[in-house]
Amino acid sequence: MQKSFIRKYLQNNRLIPYIIGGTTCFIAVLLGISIGTLSIPFSTIISIFLQEIVGVTLSSPIEPMLVNIVMEIRLPRVILAFLVGASLSLAGAAFQGLLKNPLADPYTLGVSSGASVGAVMVLFFNIQIPFLGMYTLPVFSIGSAFITLIIVLAFAKLVEKRMTVETIILTGIIFSSFLGSFISLMIALTGDELRQIISWLLGSVSMRGFEYINLMLPFFIIGVVLLLTQTKELNVLSFGEESAQQLGVNVQFRKFIILCSASLLTGASVAVSGTIGFVGLVIPHLTRILWGPNHVTLLPISMLHGGVFLVLADLTARTIIAPRELPIGVITALVGAPVFAVILYYRKKARM
């Protein structure tokens, strides 16, 4: 009874989840920058930020090596991990709300598989477009993601003009499996590039500087803005498409916007970090349990939680067997799969 009262109080107070989420985010970022082969105190990190960003010096000059480690190596890695985690979690929350399916995540529509095919093709055929340079890989990934989305939606509309949720899910699963076979084929045929392809597919934010952040940021901003403006529509759609139409919601248009925005975030994430699973599946579930199903709160808080989770997962990946590094996708799977199994168990038990 007391737990139920506390949960209702926390869910009804809109500021609390943002305060907790923001504080957790700040601590996770500091931890991600502080811990490593060389530990850097929080106070030194804050002093470096004030010196390099604000231009304020609070103490004696800081050693240039520490400034370089914080500003050039760890900070871009932590920011990129946060952006990827936030994108995947926000997209997962949107997919689950739209499809009314607790098993939906950013990979349900096959968009991630499409982006992966594009990236693997670049690595396999060693494609290099002169005016794109190092951006050839992420541009191909994002382009492949959008092409996959268009094909999935077109085929779903061909099967059923209304494009119901069930049709979209089944179409996404079909194309995801089909594209996955192409990835397996290229891996089977590859030679010296095998290690690079496998490493990319397992997911990583290692050795990616601010140029990758700059590449992802425009897509991140567009996707976040579009999805956060659809929160009330997602609340209405959760009661069913017919009910939403009766309330004056343009269901087809809203579905298209949500699907495109979530797929944009997924494609951009896959482009810069590779395939990272379970973030978009587990984090929205946990957020929904903690703060309730209202998408006005669920989407932005899922975004914060997803970013924090991936920052901590990356921190674990690079420190658990230091000096070697694990792929971040391995950590998210090791953590996400058991947590999701526990969530499903208790959800099933609560319904019995």
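**Exercise 1. Which residues form a nonpolar patch on the surface, and how much accessible area do they have together?**

Two conventions apply throughout. The model is predicted, so local features need pLDDT of at least 70 and side-chain atom pairs count only at pLDDT 80 or more, while totals for chains, interfaces and linings use all residues. Residues are numbered from 1 along each chain as its sequence is written, and side-chain values use heavy atoms, with hydrogens and water left out.

Step 1. Apply the patch rule: members have over 30% relative accessible area and no salt bridge; like charges are joined within 9 Å, and nonpolar side chains (Val, Leu, Ile, Met, Phe, Trp, Tyr) within 5 Å. A salt bridge is a side-chain nitrogen of Lys or Arg within 4 Å of a carboxyl oxygen of Asp or Glu.

Step 2. Read off the members. The patch consists of Phe 178, Phe 182, Leu 185 and Leu 189, with about 410 Å² of accessible area together. Areas come from the Shrake-Rupley method with a 1.4 Å probe; for residues, only the protein chains shown count as cover.

Step 3. Check individual members. Buried means under 20% relative accessible area, exposed over 50%, and partly exposed in between (1.4 Å probe, protein chains only). Phe 178 is partly exposed at 48%, Phe 182 is partly exposed at 37%, and Leu 185 is partly exposed at 44%. Leu 185 is in helix 7; helices (H or I, at least four residues) and strands (E, at least two) are DSSP runs numbered from the N terminus.

**Exercise 2. Find the aromatic pairs and classify their geometry.**

Step 1. State the rule. Rings of Phe, Tyr and Trp (its six-membered ring) pair if their centres lie within 6.5 Å; planes under 30 degrees apart are stacked, over 60 edge-to-face, and the rest tilted. The count is two aromatic pairs.

Step 2. Take Phe 155 and Phe 175. Their ring centres are 5.8 Å apart and their planes stand at 70°, so this pair is edge-to-face. It links distant parts of the chain, with Phe 155 in helix 6 (residues 136-159) and Phe 175 in helix 7 (residues 165-189), 20 residues apart. Phe 155 is partly exposed at 36%, whereas Phe 175 is buried at 18%.

Step 3. Take Phe 178 and Phe 182. This pair is also edge-to-face, at 5.3 Å centre to centre and 85° between the planes. Both residues are in helix 7, four residues apart, or about one helical turn.

**Exercise 3. Trace the salt-bridge network that contains Arg 77.**

Step 1. Start from the total: the whole structure holds four salt bridges. Side chains of opposite charge can pair when their charged atoms come close.

Step 2. Follow Arg 77 to Asp 314. The N to O distance is 2.9 Å. Arg 77 is in helix 4 (residues 64-99) and Asp 314 in helix 14 (residues 295-319), so the bridge ties together parts 237 residues apart in sequence. Arg 77 is buried at 10%, and Asp 314 is buried at 3%.

Step 3. Follow Arg 77 to Glu 325. This salt bridge spans 2.8 Å, N to O. Glu 325 lies in the loop between helix 14 and helix 15 (328-351), 248 residues from Arg 77. Glu 325 is partly exposed at 38%.

Step 4. Follow Asp 314 to Arg 318. The N to O distance is 3.6 Å. Both lie in helix 14, four residues apart, about one turn of the helix. Arg 318 is buried at 13%.
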